[in-house]
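This report describes how the chains of one assembly meet one another. Please keep the sequence and the 3D view open while reading.

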Amino acid sequence: MYYRRTLTEAQINRELLGTVLSTPLWWIIIVSLLGIVIAGMFSAIGFMFNQGLGVTGLHQPVFWGFFITNFVFWVGISHAGVMISAILRLSQAEWRRPMVRAAETMTVFALMCSLLMPLIHAGRPWRIFYWVFPYDWARGIWPDVRSPLVWDPVAIITYLTSSMLFVYTALIPDLAIIRDRSTGWRRSFYGVLSLGWHGNPRQWKLQGLAGILLSALILPVFVSVHSIVSWDFGVSLVPSWHVTVFAPYFVIGAVHSGVSAVVTLMVIMRKLYKLENYIWEEHIDALARLLIVVATAWMFFFWLDLVFALWLREEQELVVWNLRLFTPPWSWLFLIFFVTSYVIPVPLWMFRRVRRSFTWMLWTSLLVNVGMFLERFIIIVPALMRKGPMVFDYSSYRPSIIEYTVVGGTIALVSFLLLMFSKFFPLIPLWEEKEGQLLIDEIQIGKIAVPALVKEH
Amino acid sequence: MATAQILGLFQDPEQVVVAMDGLKENGFPGEDLDVYSGSPFPEGSFGEHDPAHRLYMFPLVGALIGFTIGLLWTAGTQISYPLITGGKPILSIPPMTVIMYENTMLGAIIFTVLGVLFESRLPKRNLGLYDTRITEGYIGVLVECPEERLAQAEALLSKAGAEEIKKEEER
Amino acid sequence: MGRFEHISQRYWSWVTLLAVLSALGVVGFWIRLSDGFDDRSNWGYTVATLSFLLSTFMAMPIISAGLRLAKAHWRRPITRVTENMAITGIVVMLLLIPAVAALPDINGRLTIWFEFPLGAPGVWDFMGYGTLALLGLVFLWTLALPDLAAARDHLPPSKRQSLIRTLAVGWTGNTRQWRVLHMGVLTLGGFYLLFYPLVQTLMVSEFHAGLLPGLKDAIAPATAVVTALQAGTGMTLIVMYLMRRFGGYENYFTIDQFWALAKPLLAFSLLWFYFWWSSFITFWYGRQPGETALLKLLVLDSYRIPLMLSFFLNFLGPLIALVWNPVRRSIWGPTLVATGIVIGAFINHVRLYVSAFSVDDPFQIPRVLDPIPAGQLPEAPDVLIVVGAISSCVLLFMLVSKIIPVVSIWEVAEGLRLTKVRRFLGRYARVIAKSH
């Protein structure tokens with residue numbers, strides 16, 4: 001249970017607005033380095049647009065490779081925001097407070113990054129508008145809503161818009177705090193963004209209701225987004241893709257990788273922004289316990305996928321699974337994925353000392369995301385390599401330097417965007433921390449004072 | 001009758017309760033009193049007036065609009081370009097459901113945010129009588145009253161322990 | 001303790017009625033047994049009842065385990081009601097016997113045992129269900145120890161008191177015992193939570209998927225778990241209402257508990273649709289001959305009406321009703337919705353298992369269901385078996401409720417100790433501490 005340190009509002013303002021009101025040297029260095037990597041990524045993309053998709057490893061029949069793996073990966077990471085923010089807000093878990101905004105912001109940037117992937121994957125992205133947006137400018141052709149590839153952008157744009165609105169609504173009180181601490185153009189800038197917020201009881205009540213209503217509304221969207229991405233695969237007839245369990249399997253895998261990413265983010269934030277007063281062992285302990293449950297549920301879905309894939313003993317299905325499980329290098333990748341996403345982290349998380357260690361949690365959470373990237377890769381590529389029944393159609397796939405650069409660049413891009421966000425807005429919600437301070441209490445039972453919380457309802 | 005505003009600044013929430021009680025006992029209506037704070041207090045902590053809101057209508061309206069747009073878009077495009085794909089009927093309801101659902105949720109969420117802003121009476125161009133220390137831990141009690149009662153309000157706020165009292169011309 | 005100690009005449013009347021209904025269930029079973037196991041379709045409703053009991057009564061201990069893991073403070077009065085239902089494992093084990101006997105030969109049939117049956121299905125099914133039933137009973141007994149001790153000390157000497165004394169195994173409530181109890185409860189609850197999906201996988205794969213040619217539905221066990229969580233929550237609400245209305249427990253099963261349970265009930269109702277839809281959309285898009293035939297059986301043709309009823313009672317109805325806070329925040333609202341959910345759950349289990357047991361040849365090659373059997377209505381022995389099985393579950397619960405109190409006294413007392421109401425500025429607020 002928490003033994004919250006007593007912090008004054010002035011102290012909270014000072015400590016959490018540090019990087020907003022000033023610019024530390026480390027921030028400039030890291031942003032510059034990330035900028036260089038991102039420039040490399042966009043150069044690679046430009047080269048690909050100029051030379052064609054042949055510079056990647058894609059070829060018949062493997063037309064979905066690293067880019068689509070990365071697309072699914074980042075959509076997965078984006079699920080952290082709603083998991084942490086919405087579900088913990090609805091269940092009134094106190095330990096959510098320091099991580100909600102960072103998780104929601106990571107959601108927004110991860111989604112933007114994921115949208116980038118199918119755009120560049122098209123090779124000629126300027127043509128995508130004809131395929132997605134419902135207009136008919138003298139062409140006589142409309143997008144086919146029966147295609148899951150049309151559902152994807154609808155779902156992702158819905159989720160992105162909802163997440164952005166969610167972040168902004170909860171940010172308004174903090175924008176007012178920055179407005180009151182600023183002068184000159186900053187004061188005008190934050191004044192406009194804060195919409196004239198006063199902090200009267202009506203506004204606070206509606207802020208609380210907004211949190212609950214938006215959480216309840218965004219949760220079904222969160223479930224639907226990755227389900228729709230999974231149906232890109234599930235509704236096709238590619239062997240090992242045409243499986244009913246893909247929707248919840250993808251969603252729970254997304255939660256697994258997303259929450260692990262939040263752990264990574266929390267540990268790094270604590271170190272860089274010196275947030276020892278706000279991010280404690282209790283928070284990563286709680287996240288680790290959540291991860292144990294999520295990872296175990298994910299393992300159940302994985303097992304269902306494997307067992308029922310082999311259920312009918314369909315020949316092509318057996319060929320694909322033989323490739324995944326027993327044919328190097330795919331079998332090695334499968335082993336690495338399995339070990340890094342479950343076998344190593346989950347047993348380690350059973351130990352309290354590991355759960356409460358920032359170093360251990362950083363490395364285990366990174367391992368999980370390495371494993372989850374490989375999981376998506378192993379789902380997508382081997383199935384396409386053995387898509388058809390004819391052996392002469394069998395092929396292989398090896399990502400090129402362009403694809404490695406782009407994938408690495410997306411990690412840099414999301415990190416860069418988060419750092420830029422933190423320059424203008426606080427990553428930890430000030431008003432939530434202040435509210436948390438207010439609700440601390442204790443109950444005397446015999447000789448001990450048991451920490452307690454004031455419950456409004 | 002000309003009305004005026006006066007703002008009392010307190011550091012201790014208990015003093016705010018005393019101030020609010022004192023003002024109401026002396027005939028200042030709850031609707032004319034407001035409390036500004038930099039963080040939320042549990043509802044009713046200061047005995048403040050709790051006006052009704054209609055926030056719950058907004059997501060409903062938004063959902064209906066989103067649903068209608070989704071229906072028109074999916075049905076309209078399928079009828080406009082009647083091509084049978086994968087053996088599915090021209091008006092294929094299962095895929096329509098997915099897009100209609102997403103549009104319904106998007107409509108509900110957008111209208112919820114609009115509703116929150118509307119019911120919060122935001123945006124507000126002018127901050128009015130306000131103090132930046134409110135976001136530093138101070139709590140402000142704003143009284144709106146006829147000019148002739150301003151002195152009485154000031155006295156009550158002082159009596160409750162206000163650290164500073166601001167009037168409209170001092171903004 | 002007063003209500004627990006006193007056994008009224010009305011209690012004995014209900015016990016007698018339930019015993020008679022249970023006996024009628026045995027009669028129905030005997031009639032079916034006389035026809036043997038050659039015609040599998042005779043046993044469809046028995047298997048549907050088995051699945052229904054597994055997905056309602058035996059899902060209730062999960063509510064207890066889950067709420068404990070989530071440290072929900074409002075759980076305290078209701079956990080014992082859910083744990084007491086673990087006793088219905090006895091009825092589940094009894095129904096498993098004819099269910100397994102009615103299965104066709106494992107050779108050539110698709111199962112999760114693949115090429116290594118090794119005693120399947122009987123040995124593994126009985127081990128699986130039996131372990132779950134045993135886990136449930138141990139979970140119940142462990143959590144009941146402090147209250148058994150209280151009953152032992154409170155009741156006058158009698159055969160009942162003697163049985164309770166034996167079950168209390170000398171509990172005194174020292175520090176070590178309490179520490180071990182808390183650890184054990186979390187562990188046992190965790191194991192029950194982990195084991196339950198495995199048993200549902202057995203249920204679905206043995207008695208449904210393995211009998212429908214061409215069915216490759218990986219999500220089916222997960223769907224069964226989620227629908228069980230919904231039905232279990234629904235059954236919990238119904239039992240709470242009955243205890244409140246007829247048992248005099250208004251002070252324990254308050255609006256807080258109904259309101260709190262209504263939220264997961266709404267969530268599970270949405271998930272019901274989501275899991276069903278995941279399955280449906282995959283088959284609808286695939287349009288393989290095998291998938292089309294199964295859609296005709298389970299969704300579009302033979303069992304269309306049960307699906308529509310279930311769709312309304314398990315998804316649409318709860319969604320329309322529970323979206324409104326005034327309905328959620330009432331006693332009648334969640335109870336009415338819960339009743340519909342439990343009825344819908346039964347209809348859904350009939351759709352899944354009666355259809356599977358009415359297939360003539362599960363071994364047919366190619367694996368395309370042909371001919372597609374028509375919907376099968378229950379006959380008199382089926383009705384007797386269904387009524388008898390449910391009555392025997394309720395009977396067992398009523399008998400156990402006079403050995404183990406239906407409200408967890410020690411937990412409620414702990415909750416009162418950890419809660420206080422105090423003045424917070426201009427209002428009163430509840431202050432709640434966590435026990436760990």
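This is a predicted model: local features need pLDDT of at least 70, side-chain atom pairs count only at pLDDT 80 or more; totals for chains, interfaces and linings use all residues.

A salt bridge is counted here where a side-chain nitrogen of Lys or Arg lies within 4 Å of a carboxyl oxygen of Asp or Glu.

## Chain A with chain B

The side chains of A:K205 and B:E43 meet in a salt bridge, with N and O 3.5 Å apart, and because the limit for such a pair is 4 Å, this pair falls within the rule. Across the interface of chain A and chain B there are three salt bridges, and the residue pairs in polar contact number 26, counting those in which both residues have a pLDDT of 80 or more.

The size of an interface is often given as the accessible area lost when the parts come together. For chain A and chain B this buried area is about 5400 Å², of which 67% is on carbon and sulfur atoms. In chain A, the residues that lose the most area to chain B are A:R146, A:H198 and A:R202, which together make up 16% of what that side buries. In terms of contacts, 56 residues of chain A meet 57 residues of chain B.

## Chain C with chain A

The contact between these two chains takes 48 residues from chain C and 45 residues from chain A, and together they bury about 4000 Å², with 68% of that area on carbon and sulfur atoms. Three salt bridges are found across this interface, including the one between A:E314 and C:K216, whose closest N and O atoms are 3.4 Å apart. There are also 13 residue pairs in polar contact, again with both residues at pLDDT 80 or more.

On the side of chain C that touches chain A, two or more residues come from each of α9 (175-207), α10 (220-246), α11 (255-286), β1 (419-424) and β2 (427-433), and α11(C) gives the most, with ten residues. That side of chain C divides into 24 nonpolar, twelve polar and twelve charged residues.

## Strands paired between chains

Strand β2 of chain A, residues 448-455, is joined to β2(C) by four bridges, and the two strands run antiparallel. Within this pairing, A:A452 has C:A433 of β2(C) as its bridge partner.

Note on methods: Residues are numbered from 1 along each chain as its sequence is written. Chains are lettered from A and ligands numbered from 1 in the order in which they are written. Side-chain values use heavy atoms; hydrogens and water are left out. Contact means heavy atoms within 4.5 Å. Buried area is the accessible area (1.4 Å probe) that two parts lose on being put together, summed over both. A polar contact is a pair of N or O atoms within 3.5 Å; within protein, one must be able to donate a hydrogen and the other to accept it, and residues adjacent in sequence count only if both atoms are side-chain atoms. Ala, Val, Leu, Ile, Met, Phe, Trp, Tyr, Cys and Pro count as nonpolar, Asp, Glu, Lys and Arg as charged, and the others, Gly among them, as polar. Two strands pair if DSSP finds at least two bridges between them.
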